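Please look through the structure shown here before reading on. The notes take the form of questions and answers.

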Amino acid sequence: MDSILSRDQVSTEPGAIHLPLLEKSRDEVESEARWQLGPDDPDLAEALRAVVHCGLMGQSEYWLSRTLAWMAADEVVLFAGLLREIALGQRGSQASQHAAKQLLKESGLWSTGHRRPS
């Protein structure tokens with residue numbers, strides 16, 4: 001059976017297998033999960049943070065850009081360090097760098113004093 005994910009889209013990190021969730025709207029994923037989760041199931045926010053972390057840390061520009069578009073405000077604060085690395089051009093495309101910077105600005109976590117390393 002062929003995999004629906006290419007090799008560069010799959011990571012061995014926790015949450016990597018769930019990266020395709022990023023292709024659905026955040027509201028849709030949360031709604032479906034809440035409908036299926038029971039009182040003894042793990043915290044949904046924790047599981048979604050694992051997906052976001054994996055998307056931000058991965059080598060795939062596709063998943064990085066999807067993750068940046070999918071993040072919730074509390075996750076921007078939680079992952080501010082990684083977003084700052086992306087915004088400063090340490091990885092990701094120019095579009096992803098701008099998206100990361102915008103998320104930080106919207107959360108009040110970006111100042112004009114941030115500059116790219118020389």
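Predicted model: local features only at pLDDT ≥ 70, side-chain atom pairs only at ≥ 80, totals over all residues.

Residues are numbered from 1 along each chain as its sequence is written, and side-chain values use heavy atoms, with hydrogens and water left out.

Q: How are H3 and H6 oriented to each other, roughly parallel or oblique?
A: Helices here are DSSP runs of H or I with at least four residues, numbered from the N terminus. Axes are lines fitted to C-alpha atoms over the stretch in contact, and angles run from 0 to 180 degrees between N-to-C directions. The axes of H3 (residues 61-70) and H6 (residues 94-106) come within 10 Å and cross at roughly 25 degrees. Angles under 35 degrees count as roughly parallel, over 145 as roughly antiparallel, 65 to 115 as roughly perpendicular and the rest as oblique, so H3 and H6 are roughly parallel.

Q: Which residues of H6 make the contact with H3?
A: Contact means heavy atoms within 4.5 Å. On the H3 side, the contact is made by Glu-61, Leu-64, Ser-65 and Leu-68. Their partners on H6 are Ser-96, Ala-99, Ala-100 and Leu-103.

Q: Where on H3 do its buried residues lie?
A: Buried means under 20% relative accessible area (1.4 Å probe, protein chains only), and in H3 this holds for Trp-63, Leu-64, Thr-67, Leu-68 and Trp-70. Seen down the axis of H3, these buried residues fall within an arc of 165 degrees, taken from the directions from the axis to the C-beta atoms. They therefore line one face of the helix.

Q: Which helices do the buried residues of H3 pack against?
A: The buried residues of H3 include Trp-63 and Trp-70. They pack against H1 (26-36), H2 (44-57), H5 (80-87) and H6.

Q: What is the orientation of H1 and H2 to each other?
A: The axes of H1 and H2 come within 11 Å and cross at roughly 140 degrees. H1 and H2 are therefore oblique.

Q: Which residues does Leu-82 touch, not counting residues up to four places away in sequence?
A: Leu-82 is found in helix H5 and, at 15% relative accessibility, counts as buried. Its C-alpha atom is separated by 7.2 Å from that of Leu-56, 26 residues apart along the chain. Leu-82 touches His-53, Leu-56, Met-57 and Arg-91.

Note on methods:
Helix = DSSP H or I, 4+ residues; strand = E, 2+ residues; numbered from the N terminus. Buried < 20%, exposed > 50% of the residue type's maximum accessible area, 1.4 Å probe, protein only.
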